[in-house]
Amino acid sequence: MQNKTFSTLFIAQNLIQLSAVDSTNNYLKLMLSKSEPLAEGTVILADDQFAGRGQQGNTWISQAGLNLTFSIYLRPSFLSIVHQFQLNTAVSVGLVNALKHYVSEGIKIKWPNDIYFHNYKIGGVLIENTISSGNLRSSIIGIGVNVNQREFNRSLVKVASSIGRILHADVDLLELLEKICHSIEVQYLKLRAGKSKDQLKDYLENLYQFGKASNFKSDNKIFEGYIVGVSEEGKLLVDHGGQQCSYGFKEIEFLDNN
Ligand code: BTN
């Protein structure tokens with residue numbers, strides 16, 4: 001990929017492009033462990049990420065040269081740990097807004113931060129924070145977006161898609177990266193300015209299956225319910241039979257799209 005200067009204030013002004021790396025999150029973590037200071041907004045982008053990490057210890061598989069796999073370094077020291085889900089909200093809204101420039105209908109955030117096109121996953125986010133005195137100190141925002149990859153292996157073909165597959169056309173990777181970085185920067189600055197309530201509203205407006213009857217599994221029980229919101233700590237709020245329950249990340253599974 002060629003070098004490019006982005007029209008952002010700070011995100012990706014320092015863009016480090018690697019031809020191959022195990023994981024851009026790992027690479028950024030290693031850079032941060034060295035003593036030299038690193039500019040906030042630094043982005044590590046890899047053409048080939050050969051051991052990408054996903055949520056819950058999963059792997060993130062991405063065909064070399066066809067997709068976006070990158071990590072953004074932020075320092076959200078204004079956020080207390082209690083409010084760390086707000087960073088997730090800001091990043092998810094930023095990402096979804098950028099993707100809507102390409103695909104105007106059907107792009108959603110699947111709680112907590114998967115990016116879906118209808119029932120197909122096209123992107124994911126892995127945020128890794130460090131903490132200092134009850135606040136966030138550094139944040140590595142790892143983002144994978146399926147862009148120009150058209151073929152997925154058997155186990156993924158029913159659940160994964162890409163922008164290129166949706167549009168039947170290839171997309172310029174650096175142009176998309178610039179849009180995403182710009183859009184996340186807008187949301188991050190809003191968060192820093194104390195606009196988290198507006199962001200939660202945007203997040204819920206873009207939330208997959210929000211307010212729609214859906215089938216869930218929790219604690220080995222299958223039930224129908226509908227998502228009514230997300231709590232301050234980021235728990236999913238589901239109404240079933242008039243009763244509202246909250247679920248943490250590993251405590252509930254969506255059944256409809258699997
Ligand atoms: C998920 O949906 O499980 C999250 C996937 C996050 C993948 C990205 S790709 C860039 C960054 N580096 C990683 O190793 N993971 C994230």
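Let's start with the ligand. Strand β8 gives the largest share of the shell around the ligand, four residues. Keep in mind that this is a predicted model.

So who else is in that shell? In total, 20 residues surround the ligand. The closest are Ser23, Gln49, Arg53, Gln55 and Lys121. Several elements supply at least two shell residues each, among them α1 (24–33), β5 (68–74) and β9 (135–145). By class, we count five nonpolar, 12 polar and three charged residues in the shell.

Now the contacts. Gln49 places a polar side-chain atom 2.8 Å from a nitrogen atom of the ligand. Arg53 uses its backbone: an N or O atom there lies 2.7 Å from a ligand nitrogen. At Gln55, a polar backbone atom is 2.6 Å from an oxygen atom of the ligand. How much of the ligand does the protein bury? On its own, the ligand exposes 420 Å², and the protein buries 98% of that.

Next, the pockets. The ligand takes up the space of the largest pocket. That pocket holds about 1000 Å³. Its lining has 40 residues, with Gln55, Asn58, Asp114, Tyr116 and Lys121 nearest the centre. Here too β8 supplies the largest share, four residues. The lining divides into 16 nonpolar, 18 polar and six charged residues.

Last, the second largest pocket. Its space is about 420 Å³. It is lined by 17 residues, and those closest to its centre are Gln55, Phe85, Asn88, Pro112 and Asn113. Helix α2 (85–100) and strand β8 each give at least two lining residues. By class, the lining has seven nonpolar, eight polar and two charged residues.

Technical notes. Residues are numbered from 1 along each chain as its sequence is written. This is a predicted model: local features need pLDDT of at least 70, side-chain atom pairs count only at pLDDT 80 or more; totals for chains, interfaces and linings use all residues. Side-chain values use heavy atoms; hydrogens and water are left out. A residue is near a molecule or strand if one of its heavy atoms lies within 4 Å of it. A polar contact is a pair of N or O atoms within 3.5 Å; within protein, one must be able to donate a hydrogen and the other to accept it, and residues adjacent in sequence count only if both atoms are side-chain atoms. Accessible areas come from the Shrake-Rupley method with a 1.4 Å probe; for residues, only the protein chains shown count as cover. On a 1 Å grid over the protein atoms alone, a cavity is a set of points where a 1.4 Å probe fits but cannot get out, and a pocket is an open set with protein on both sides within 12 Å along at least five of seven lines; lining residues have an atom within 4 Å of a point. A molecule sits in a cavity or pocket if more than half of its atoms lie within 2 Å of its grid points. Ala, Val, Leu, Ile, Met, Phe, Trp, Tyr, Cys and Pro count as nonpolar, Asp, Glu, Lys and Arg as charged, and the others, Gly among them, as polar. Grid points are joined across faces, edges and corners, and a volume is the space filled by probe spheres set on the points.
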